[in-house]
Amino acid sequence: NFQRGETSPFRLQSDFSSELESVQHPALFIHGNADPLVPVKAAEKAVRRMQIAQLEVLNAGHWPVRETPEHFNDIVVRFLADVHST
């Protein structure tokens, strides 16, 4: 029910994008370049608004974790290792 009520054809009901500037921790966005629901530009915009964020764009659709799990996992492991070492 939450998901049905949260989304509409044009936007999400909850929008926390104004809070992105306040995030003080490293963040990783992994996005599919063929995502039919959320354009890559949305992730690029979020990354620009954050202090410490990076974006990895995979050759995938809306679910890169399911579509390219090995590549997805490699990126997450590398990110966590980098964050842990700093």
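**View 1. D35 in the loop between strand 1 and helix 2.** D35 sits in the loop that runs from strand 1 (27-32) to helix 2 (40-49). The model shown in this and every other view is predicted. D35 is buried, at a relative accessible area of 13%. Despite being buried, D35 has no salt bridge. R66 is the nearest side chain of opposite charge, and R66 is 13 Å away.

**View 2. Polar partners of the D35 side chain.** Two backbone nitrogens face polar atoms of this side chain. That of L37 lies 2.7 Å from a polar atom of the D35 side chain. That of V38 lies 3.0 Å from a polar atom of the D35 side chain. A side-chain partner is also present: D35 makes a polar contact with the side chain of H62, at 2.9 Å.

View 3. With neighbours within four places in sequence set aside, D35 is in contact with A60, G61 and H62. Of these, H62 also joins D35 through a side-chain polar contact. The C-alpha atoms of D35 and N59 are separated by 9.4 Å. Along the chain, D35 and N59 are 24 residues apart.

**View 4. H31 in strand 1.** H31 belongs to strand 1. Its relative accessibility is 9%, so H31 counts as buried. The H31 side chain reaches the backbone oxygen of V38 at 2.8 Å. Beyond neighbours within four places in sequence, the contacts of H31 include V38, P39, V40 and A43. L55, E56, V57, L58 and P64 are also in contact with H31.

**View 5. The buried face of helix 2.** Helix 2 has V40, A43, A46 and V47 as buried residues. Seen down the axis of helix 2, its buried residues fall within an arc of 120°, so they line one face of the helix. These buried residues pack against strand 1 and strand 2 (53-58). Two of them, V40 and A43, are among the contacts of H31.

**View 6. The outward face of helix 2.** The face turned away from the buried side of helix 2 carries K41 and R48. Both K41 and R48 are exposed.

**View 7. The R49-E21 salt bridge.** The side chains of R49 and E21 meet in a salt bridge, 3.0 Å from N to O. The pair links distant parts of the chain, 28 residues apart. R49 is in helix 2, and E21 is in the loop between helix 1 (2-6) and strand 1. R49 counts as partly exposed, at 26% relative accessibility. E21 also counts as partly exposed, at 35% relative accessibility.

**View 8. The R78-E56 salt bridge.** R78 forms a salt bridge with E56, and their closest N and O atoms are 3.6 Å apart. R78 lies in helix 4 (residues 69-85) and E56 in strand 2, so the pair ties together parts that are 22 residues apart in sequence. R78 has 44% relative accessibility and counts as partly exposed. E56 counts as partly exposed too, at 22% relative accessibility. E56 is also one of the contacts of H31. A search of the whole structure finds 2 salt bridges.

**View 9. The whole protein, for orientation.** The protein has 4 helices and 2 strands. Along the sequence, the pattern is α-β-α-β-α-α. Of its 86 residues, 23% count as buried. Among contacts with a separation of 6 or more, 63% come from residues 24 or more positions apart. The accessible surface comes to about 6,600 Å². Carbon and sulfur atoms hold 56% of that surface.

Technical notes: Residues are numbered from 1 along each chain as its sequence is written. This is a predicted model: local features need pLDDT of at least 70, side-chain atom pairs count only at pLDDT 80 or more; totals for chains, interfaces and linings use all residues. Side-chain values use heavy atoms; hydrogens and water are left out. Buried means under 20% relative accessible area, exposed over 50%, partly exposed in between (1.4 Å probe, protein chains only). Lys and Arg count as positive and Asp and Glu as negative; His and the chain ends are not counted. A salt bridge is a side-chain nitrogen of Lys or Arg within 4 Å of a carboxyl oxygen of Asp or Glu. A polar contact is a pair of N or O atoms within 3.5 Å; within protein, one must be able to donate a hydrogen and the other to accept it, and residues adjacent in sequence count only if both atoms are side-chain atoms. Contact means heavy atoms within 4.5 Å. Accessible areas come from the Shrake-Rupley method with a 1.4 Å probe; for residues, only the protein chains shown count as cover. The arc is that of the directions from the helix axis to the C-beta atoms.
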